[in-house]
Amino acid sequence: PPGRVLELPVFQPGQHYASVYDYYQLQEAREQPGGYSTIAPKAAFDFSFTHNRLSCGVWLPGDGSELETLGITRVLFHRGLYTQAHRRGAWFAWRGLQEAGYRPVVTDGRVTLFAPGAAEEGAPVPEPDRSKPFLCTGWRGQTAIGRQATLWIYGEGLLDLDVRFPSSLPVTAWVDGRFADRRVLAPSGFLRADLGRLGWHSILLNAPRAGFTLIHVGPTPAP
């Protein structure tokens, strides 16, 4: 049916990997919020910055409604681009789509079309190692290259994140789409997150500018 489409992983409009999505437009012309152009309007760059976390399955309240407002009714999952562009988090992206109410309806090669539905399906990529934090979007090593960075933790209970920055900086943390903590690092400090029950939990870190470094993630010490 008619409708716009979101393609994962999300790329900035100036990245050459996004040209793959324009190639598919030759087969099925559908509007998308990003596209491929070094002179794309600011709105396209803003979308890629704000929603890059969807590439790793990190959804916040209101994301689904925003996609509906934009007229996006389908999502295309490009497993090949996760591999070729060395993008992390394909397993979490697949899982996040299904938690947001989308289901795989058809697969051709490494491309899967998601639409609203009921029946779930396992991801075509392996689950990451549960024994260590999985740094996903927005990182170079353990340093954030943007104002937002995401990671996944398998665990439960209270968690401390040791975060550092060259100067004083407020950093905010969300866990599973819920506000968790906000502190001013001067220039280092701990952010605390309550993971709740045992399982995979998403953590989104946000700061006014890039450059904060994640030193260590671990359980909160007992008093």
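Me: Hi! Among contacts in the protein between residues at least 6 apart in sequence, what percentage join residues at least 24 apart?
Reply: It's 68%, where contact means heavy atoms within 4.5 Å. This is a predicted model, in which local features need pLDDT of at least 70, side-chain atom pairs count only at pLDDT 80 or more, and totals for chains, interfaces and linings use all residues. Residues are numbered from 1 along each chain as its sequence is written, and side-chain values use heavy atoms, with hydrogens and water left out.

Me: Thanks. How many helices and strands are there?
Reply: The protein has five helices and 14 strands. Helices (H or I, at least four residues) and strands (E, at least two) are DSSP runs, numbered from the N terminus.

Me: And how much of the protein is buried?
Reply: Of the 223 residues, 45% count as buried. Buried means under 20% relative accessible area, exposed over 50%, and partly exposed in between, with a 1.4 Å probe and protein chains only.

Me: Which residues have the most contacts inside the largest nonpolar core?
Reply: Those are Leu6, Leu8, Phe77 and Leu97, in a core of 27 residues. A nonpolar core is a set of buried Ala, Val, Leu, Ile, Met, Phe, Trp, Tyr and Cys residues joined through side-chain atoms within 4.5 Å.

Me: Which elements supply at least two residues each?
Reply: They are β1 (4-8), β2 (72-78), α5 (90-99) and β13 (199-206). Of these, α5 gives the most, with six residues. There is also a second, separate core of 24 residues, which includes Leu135, Leu161, Val163 and Leu205.

Me: Back to α5, then. How many of its residues are buried?
Reply: Eight of its 10 residues are buried, so α5 is mostly covered. Among them are Trp91, Phe92, Trp94 and Leu97. After α5 comes Gly101, with a positive phi near 100 degrees.

Me: What does Leu8 touch?
Reply: Leaving aside neighbours within four places in sequence, Leu8 is in contact with residues including Tyr21, Leu54, Val75, Phe77, Tyr82 and Leu97. The peptide bond from Leu8 to Pro9 is cis, with omega near 5 degrees, and Pro9 lies in the loop between β1 and α1 (19-25).

Me: What about the peptide bond from Ala186 to Pro187, cis or trans?
Reply: That bond is cis, with omega near -10 degrees. Pro187 is found in the loop between β11 (178-185) and β12 (188-194). For background, most peptide bonds are trans, and most residues other than glycine have a negative phi.

Me: Okay, phi next. What is the phi of His86?
Reply: His86 has a positive phi of about 55 degrees, although His86 is not a glycine. This residue lies in the loop between α4 (79-84) and α5, and His86 is exposed because its relative accessible area is 69%.

Me: And Asp176, where is that?
Reply: Asp176 sits in the loop between β10 (169-175) and β11. Its phi is positive too, about 50 degrees, and at 30% relative accessibility Asp176 counts as partly exposed.

Me: Last one: where does Gly117 lie, and which residues does Gly117 touch?
Reply: Gly117 is in the loop between β4 (111-116) and β5 (134-135). Not counting residues up to four places away in sequence, Gly117 touches Gly101 and Arg103. With 40% relative accessibility, Gly117 counts as partly exposed.
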